[in-house]
Amino acid sequence: MSRLLSTVGAIAIGSLLAAPAATTAWAQETVTVGAIEILSGPSAAYGTAIKGGLELALDEINAAGGVLGGKKIALIIEDSAGNKDQAVNAARKLVGRDKVPVVIGPTLSNEMFAVGPVTNERKVVTVGTSTTAKGITEIGPFIFRTSLPESDVVPVTLKTAKDKFGVKKIAMMYANDDAFSKSGFDSMKAAAEQLGFEIATIETFGSKDSDFSAQLTKIKGLNVDAITISALVEPISGVVLQARQLGIPASVRFIGGNGANSPKLGEIAGGAADGLLVGSPWFIAKKGETNEKFVADYKKRNGKDPDQFAAQAYDTMYIVAKAIDTAGAADSDKIREALYKTDFNGVMGPFSFTQGRDPASNEGVVVLAMKNGRFEILE
Ligand code: LEU
């Protein structure tokens, strides 16, 4: 049995195990957790990083003896492709067929606003690791998140832009067809008003657009100090590249929200994104043994550096595993109660939940700037 279990531990990832999990002999020896992430399509970089973080933590947890006195955790990761209908179908499968007590994800707030009502109704604990829009945890009492909402991060970024770079006059851009992008813009606007910025214009676009020349040409004539942008990484990269092509100089900095906090931005936009500012609860060079080990192990396993989404997912897998242990059973109600008692110190720093099931502290937020296509922490 133990040999079989360790084999299972090594491959217990992906939908491979979905069918046998409920019926085979070792099923009693495992606790199956579900996840819904974007593993294909234009936003796959986010979900792939999350998957890498979850799997690394999972392997460590299982190697250290699993949960509930020796049960391994098996993780079934479903691909949503960033599509909310696909995400809902995945949730129905995980809840109905696989009977998971916990769902991690989905990746996007837009997806969570569709999935959350379904899992909450079925009383299945759902833990977003990257959902940053306003109102996520208000979906219901079974919906948690380990990611900081935009409203906790964006004001720090905009204040840094003002204090450090003298930004006063801005243009604002956002994707108007995505819940997170719109919510992030609302937070940016509130922060900009609070800081006394002059808002020269507000321009919108669609997440699938590739031509932003009308908006950018207008902005070019307005002599702004910076352009705020709330969107996912693919359209942000397009906007940034086109801005430079249209002659908006590098001195006009972009200021992003959570969607910009991905190495994918540098991969697509290269130097065109240099100077972009983004707030983040984590950065790769963060000192401390836990983070350094995480970065090294992630890199070894995935052949690339982790990003903020990988880090949040890594901690979340631990937080979920500990809650299962505290609950004493793979029971969603009990895990929900146990999550409230979370007191975890991971790669993101100390973590606990508020009564509203959001992260209790935003103390670790730093501002990163793009340089040569990579993020560096501002000193
Ligand atoms: N924070 C985004 C959202 O809430 C997702 C992230 C992967 C960029 O939709």
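## The ligand shell

By class, six nonpolar, seven polar and no charged residues make up the shell around the ligand. Here Ala, Val, Leu, Ile, Met, Phe, Trp, Tyr, Cys and Pro count as nonpolar, Asp, Glu, Lys and Arg as charged, and the others, Gly among them, as polar. Of the 13 residues around the ligand, those that come nearest are S109, S130, T132, F180 and N258; a residue is near a molecule if one of its heavy atoms lies within 4 Å of it.

This is a predicted model, in which local features need pLDDT of at least 70 and side-chain atom pairs count only at pLDDT 80 or more, while totals for chains, interfaces and linings use all residues. Residues are numbered from 1 along each chain as its sequence is written, and side-chain values use heavy atoms, with hydrogens and water left out.

## Polar contacts and burial

A polar contact is a pair of N or O atoms within 3.5 Å; within protein, one must be able to donate a hydrogen and the other to accept it, and residues adjacent in sequence count only if both atoms are side-chain atoms. The side chain of S109 has an N or O atom 2.4 Å from an oxygen atom of the ligand. A nitrogen atom of the ligand lies 2.8 Å from a backbone N or O atom of S130, and in the side chain of N258 an N or O atom is 2.7 Å from a nitrogen atom of the ligand. The ligand taken alone exposes 290 Å², and the protein buries 100% of that (Shrake-Rupley method, 1.4 Å probe; for residues, only the protein chains shown count as cover).

## Domains and overall form

The ligand lies between domain 1 (2-148 + 287-347) and domain 2 (150-280 + 365-377), because both give residues to the shell around it. These bounds come from an automatic or database domain assignment.

The protein has twelve helices and 14 strands, counted as DSSP runs numbered from the N terminus (helices: H or I, at least four residues; strands: E, at least two). Its C-alpha atoms fill a box of roughly 70 × 40 × 35 Å along the principal axes.

## Backbone details in loops

The peptide bond from G105 to P106 is cis, with omega near -5 degrees. P106 is in the loop between β3 (102-104) and α4 (109-121).

L68 is not a glycine, yet has a positive phi of about 50 degrees; L68 sits in the loop between α2 (44-63) and β2 (72-79). A81, also not a glycine, has a positive phi of about 55 degrees and lies in the loop between β2 and α3 (84-96).
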